[in-house]
Amino acid sequence: MARDITGLPDLATEGGRVAPVRTRMPIYVDLLPPCNNACPAGENIQEWLRLVKAGQEEAAWREITKNNPFPAIHGRVCYHPCEAACNREELDGAVSIHSVERYLGDLAIERGWTFEKPRFSSGRRVLVIGAGPSGLSAAYQLAKMGHEVEIRDSSDSPGGMMRYGIPEYRLPRNVLDAEVARLLDLGVRIVNNYTVKDLLADQAEGGFEAVFVAIGAHLSKRVDIPNRDASRIVDAVSFLRDVASGERPMIGRKVAVYGGGNTAMDAARVARRLGAEESIVVYRRTEEQMPAHAEEREGAMREGVRMNWLRTISSMDESDLTVEIMELDENGRARGTGRFEKLEADTVILALGQETDSNFLRRIPGMHFEHDVVRVDPRTLMTDVDGIFAGGDAVPSERTVTVGVGHGKRAAQQIDAWLGHRESPGRPKHDLADFEKLHLWYFGDARRSTQPELEPSERITDFDEIVGGLSDDQAHMEAARCLSCGNCFECDGCLGACPEDAVIKLGKGFRYRFDYDKCTGCATCYEQCPVHAIEMIEENR
């Protein structure tokens, strides 16, 4: 439904524009764009979109990587909450932020852009446990600050769940390797195939003054399913890890995936690529209650994965499953009905959630836990043990790549402050530039760019990447769709609208100022500003 974005003033309730004495005055403001506010990694999205629009791609990439060293990865795997918050969604579709980010990330790999090395060394050593998104992010930020960083990880190669959990059709390994390689060039040391058993001993032996624990949730939750052949039941994390390591497990023609999260969707889609003629997701609640992101669920269904809602597995025989039909009670919880049905399945993949292997931390006196995760100060991410910090999957949080990267950045800032014996002050946020604040008559229609995708019939034959990137023209056009919510982009609307010539242009990049000796407080500049970069305030006399 069309929205009226050119509302008229209510002359019955509003006063005149000017009076003998000015009662209000305009000021220039900078508000918080909703995309920036929604980004778990803390990117200044509006700014790097502006730089892309201006044709300054490398500057845009460097703006992203102030906060996130992995734009090519994030442009592929982030669930882009920034786009859900984008004000343009109310007009003709949110800006495709993730596709422009991917464009910049891929361009940086193609052109060989590298990080600037720190100009000095602090002489401080920091140990990071885990080479997933959170650990790598923390190491990157700490290295830029001049600290010596060593990552220890139990896997063969760095990347954590980005390598061993996200299938290649979503994240090609050459992209992951290219973005991790920049951290090595920056001076970060990564030790693979290292399992930490005594953290305090490792810390003391290596002379590390601080530790950041960023272990991933690599342990699958189990459930007891009565069966005659336990080899036919595998857990999703191990299954995906084996496939990511190059193995091709024998799963048969018919596969059932038990669970409803993103890992379940990945397992079901990978099963199709391994030759399963039928891949069925068994989930005990409804489609609306499914925790998997809609795009993951829809992608699975397009590839032929069947969804079996309101079902739970009771037992497994030689060639089939017995599933109980569920129903929702008055509180929306699933409960059994006592009615059963059969499903054929050669293999059952359990995708019922994941946990961290935090046993090595439980040996440290004073460390406290909430189930499988570590208790931390929510602001500093420090555990109850001085000098040991934790983030990502190791702490209570949403388990996504972007949240992990954001935790790594925040932990690095706090570790740097702790090493320097100083407080890390919080930065107050500006007011949010929500849709109702904008005057959007300025902007015309510009439909969202669409990334190319493989046809479903082509996808399941191999692990080639499904979604392609934007062209140069598309990326620039998409960046230009940004409304610059809450921040002046020098459209000259205020300059041209002021009847008193009270707006003074300061030159490109320097915006404007008001000549209050001429200003009458008529608010024409405010009403002409499309992005609410001008606010009217009471006159102080």
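Axes are lines fitted to C-alpha atoms, for helices over the stretch in contact, with angles from 0 to 180 degrees between N-to-C directions. The model is predicted: local features need pLDDT of at least 70, side-chain atom pairs count only at pLDDT 80 or more, and totals for chains, interfaces and linings use all residues. Residues are numbered from 1 along each chain as its sequence is written, and side-chain values use heavy atoms, without hydrogens and water.

**Helix pair H2 and H6**

- Helices (H or I, at least four residues) and strands (E, at least two) are DSSP runs numbered from the N terminus.
- The axes of H2 (residues 45-53) and H6 (residues 97-111) come within 11 Å and cross at roughly 60 degrees.
- Ile-45, Trp-48, Leu-49 and Val-52 of H2 meet Ile-97, Val-100, Glu-101 and Leu-104 of H6, where contact means heavy atoms within 4.5 Å.

**Whole chain**

- The protein chain contains 18 helices and 21 strands.
- Its C-alpha atoms fill a box of roughly 90 × 60 × 45 Å along the principal axes.
- Of the 541 residues in the protein chain, 52% are buried, meaning under 20% relative accessible area (1.4 Å probe, protein chains only).
- Among contacts between residues at least 6 apart in sequence, 71% join residues at least 24 apart.

How values were computed. Buried means under 20% relative accessible area, exposed over 50%, partly exposed in between (1.4 Å probe, protein chains only).
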